[in-house]
Amino acid sequence: MIIDEGSVDAIRELINIGVGRAAGLLNEMTGTHIHLMVPEVRILRYADLVRENRVLEHDRLSAVTLKFEGSFSGISMLVFPPESAAILITALTGERIAAPDLDALRIETLNEVGNIVNNAVMGSITNVLNEHLTYSMPTYLEGSIAEIIETGRTVDYDWVILAISQFSLADLQVVGTIMMIFEIGSLDTLLKKLQDAEGHRI
Amino acid sequence: MRHTPPLPQGEYYDALPLGVVIIAQDYTVVYWNRTIAEWTGIPSKEILGSDLRERFPNLKDRRYTLRIQQVFEGGPAAFFSTQFHPHFIRAPLPGGGVRFERTSVHSLRERGEAHAVIFIDDVTELVTQVHAFREMKDRALAELEERRRKEAALALANRKLGLLSSITRHDIQNQVMALKYYIELMREEKDPETVAELLKKEEIIANAIEMQILFARDYQDMGIHAPLWHRVTAIIGIVKEALPLGNISVVADVGSLEVQADPLFEKVFYNLIDNALRYGGPGMTTILVSGEETPGGLVLCVEDDGAGIAAKDREHLFTRGYGKHTGFGLFLCREILSITGISIEERGEPGKGARFEMRIPEGKYRYPEDAP
């Protein structure tokens, strides 16, 4: 499969639209001024994900996952190092604590933030394609990236869209990663549909 | 218009310990399970067919409608956490108070129409336990901090004990020997002028011993009590009252700055301003106290426009016993500041004035907003 720069640009644009909506919602919900940016989007082989240092440099990660099924299938997730996640959540909820950590309530809150981001990104993609997908419940998982991806896996994955996302609020900057991991053949379908949609627009 | 439950298995939802509500796209309630009826006190027959937003106006807010709309359009489930949405459907507790809820909203197509199924979990017990856990953790952290402070105070006390004993043994003993020597000389001396000279020297020694005893008292007190938040402008005001300023103007340009430091923090400013007054020279007109935030923390400066400090003196300035007066002042300043991790150095220009910079780490200073 050949992935050209145009396809990456289209995906970057859709993800940016999604995170922009997510940021708007988070701002309304929390009363904070959060800014969400995706400065970098890359597409890589699932097998190469394990060599992706920026995702794997932490032994333990917090992830909010969302499985989707349809003409293209896979799993979308928002991943943070737990310390960054705790800092983000305490900033969003306005808590003032010296050493932020993730307890049951903050994990729930992170689940909602991840749910908002995942839904906005998936919504942005399915809207432009006029596509209907079936989704699982949003799930919070903790562990290494391998443990997170392997949890409940029943299919083989093929390609990964990796989007480095930057959450900025007040003087705080937290970096997370949006990942969309596709089952075999699914990314081809998505790219083909994107090209078709682009063709229709032209 | 009467709506019927769109799901034939709707009755099974009655057995669940969850609140279950099904709404049509216009928010008309088409299903209201037994649990949510018990929690809210609203029976199913009373609410079926009515707009859920009229009974629970919080759901008119865009924070809900935008996300629920995406569910109606077949999007993924929307999850509403307890922290951001504690009472999705307000449900009182029998003993008073309101239930804490965790809610998810799911898409459902029934007979070709879009619906949303709302699942509400009562997490009041969880919230109570987590809050109790957080309080317990905060207490444990505070106790740990107190223990750390006590250990540091103990280490400091040991260091001080060694130093105080060396002051009494060496410094005072040397002075006493000199005093005895002058007394012996006086016994044999008949010339009144020489006797007067010797008396002057004895007085200087007595003053030096007094200074050493005063230093020992201050040094003994240092680090014993927990650090406090000090308003810098208030300290400068006290120091200005205590020192003979003459025509020298002392300006504090620090706003509402507060610094967390040993209770003897005031002595730092007393010593720095006293030093400036003693050695600034006749050309000195102003002593300025100012603060500047930097990426590593706050730099708090005490500077003057006097004679400044010679480069050769700079590296020994904070050494005990070094200096023209007692040799204790700047040493004491450094020791007092170091208790809360504040460093001090002199960075003025000889001939243009002295400039003492205190580097205060993040978290050890603040600017209270309500300050006058």
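Q: Which residue follows α4(A), and is its phi positive or negative?
A: In this predicted model, Gly94(A) follows α4(A), and the phi of Gly94(A) is positive, near 75 degrees.

Q: What span should the twelve residues of helix α4 of chain A have, and how far apart are its end C-alpha atoms?
A: The expected span is 1.5 Å times one less than the number of residues. For helix α4 (residues 82-93) of chain A this gives 16 Å, and the end C-alpha atoms are 16 Å apart, which agrees.

Q: Which residues of α4(A) are buried, and what covers them?
A: The buried residues of α4(A) are Ser84(A), Ala85(A), Ala86(A), Leu88(A), Ile89(A), Ala91(A) and Leu92(A). Their cover includes helices α1 (5-30) and α5 (104-129) of chain A, and also strands β2 (61-69), β3 (74-80), β6 (157-169) and β7 (172-183) of chain A.

Q: What makes β3(A) largely enclosed by the rest of the structure?
A: Seven of the seven residues of β3(A) are buried, and therefore the strand is largely enclosed.

Q: Which residues of β3(A) are buried on one side and which on the other?
A: Gly74(A), Ser76(A), Leu78(A) and Phe80(A) are buried on one side, and Ile75(A), Met77(A) and Val79(A) on the other. In a regular strand, side chains alternate between the two faces of the sheet.

Q: How do you know that β3(A) pairs with β2(A) and with β7(A)?
A: Two strands pair if at least two bridges are found between them. β2(A) and β3(A) have seven bridges in the antiparallel sense, with Lys67(A) opposite Ile75(A), and a hairpin of four residues joins these two strands. β3(A) and β7(A) have six bridges, again antiparallel, and here Met77(A) stands opposite Met179(A).

Q: Which members of the largest nonpolar core touch the most other members?
A: Among the 87 residues of this core, they are Ala22(A), Val117(A), Val21(B) and Ile23(B). The largest share of the core, nine residues, comes from α1(A). Leaving aside neighbours within four places in sequence, Val117(A) is in contact with Val19(A), Ala22(A), Leu78(A) and Ile178(A). Another core, of 40 residues, lies apart from the largest one and has Leu257(B), Leu272(B), Leu317(B) and Ile344(B) among its members. In soluble globular proteins, nonpolar side chains tend to be buried together.

Q: How many residues of chain B are in contact with chain A, and which element of chain B gives the most?
A: 21 residues of chain B are in contact with 22 residues of chain A. On the chain B side, two or more residues come from each of α5 (62-72), β3 (78-80) and α6 (124-188). α6(B) gives the most, with five residues. By class, this side of chain B has eleven nonpolar, six polar and four charged residues.

Q: Which residues of α5(B) are buried, and what do they pack against?
A: The buried residues of α5(B) are Tyr64(B), Arg67(B), Ile68(B), Gln70(B), Val71(B) and Phe72(B). They pack against α5 of chain A and against β3, β4 (101-110) and β5 (113-122) of chain B. Just after α5(B), Gly74(B) has a positive phi of about 90 degrees.

Q: Where is Ile236(B) found, and which residues does it touch?
A: Ile236(B) is found in helix α8 of chain B. Not counting residues up to four places away in sequence, Ile236(B) touches Val250(B), Ala252(B), Phe269(B) and Val289(B). The C-alpha atoms of Ile236(B) and Tyr270(B) are separated by 8.3 Å, although these residues are 34 positions apart along the chain.

Q: What does helix α8 of chain B lie across?
A: Helix α8 (residues 232-242) lies across β6 and β8 of chain B, at about 65 degrees to β6(B).

Q: What is the order of strands in the open sheet of chain B, and which strands stand at the edges?
A: The three strands have the order β6-β8-β13, with antiparallel pairing. β6 (228-231) and β13 (365-366) of chain B each have a single partner strand, so one side of each is left without a neighbour in the sheet, and these two stand at the edges. Four bridges join β6(B) to β8 (residues 258-261) of chain B, and Arg231(B) has Glu258(B) as its bridge partner.

Key. Residues numbered from 1 in each chain as written. Chains lettered and ligands numbered in written order. Predicted model: local features only at pLDDT ≥ 70, side-chain atom pairs only at ≥ 80, totals over all residues. Buried ≥ 20, exposed ≤ 12 C-beta atoms within 10 Å, placed from the backbone. Contact = placed C-beta atoms within 7 Å. Axes fitted to C-alpha atoms, helices over the stretch in contact; angles between N-to-C directions. Nonpolar A, V, L, I, M, F, W, Y, C, P; charged D, E, K, R; others polar. Core = buried A, V, L, I, M, F, W, Y, C linked by C-beta atoms within 7 Å.
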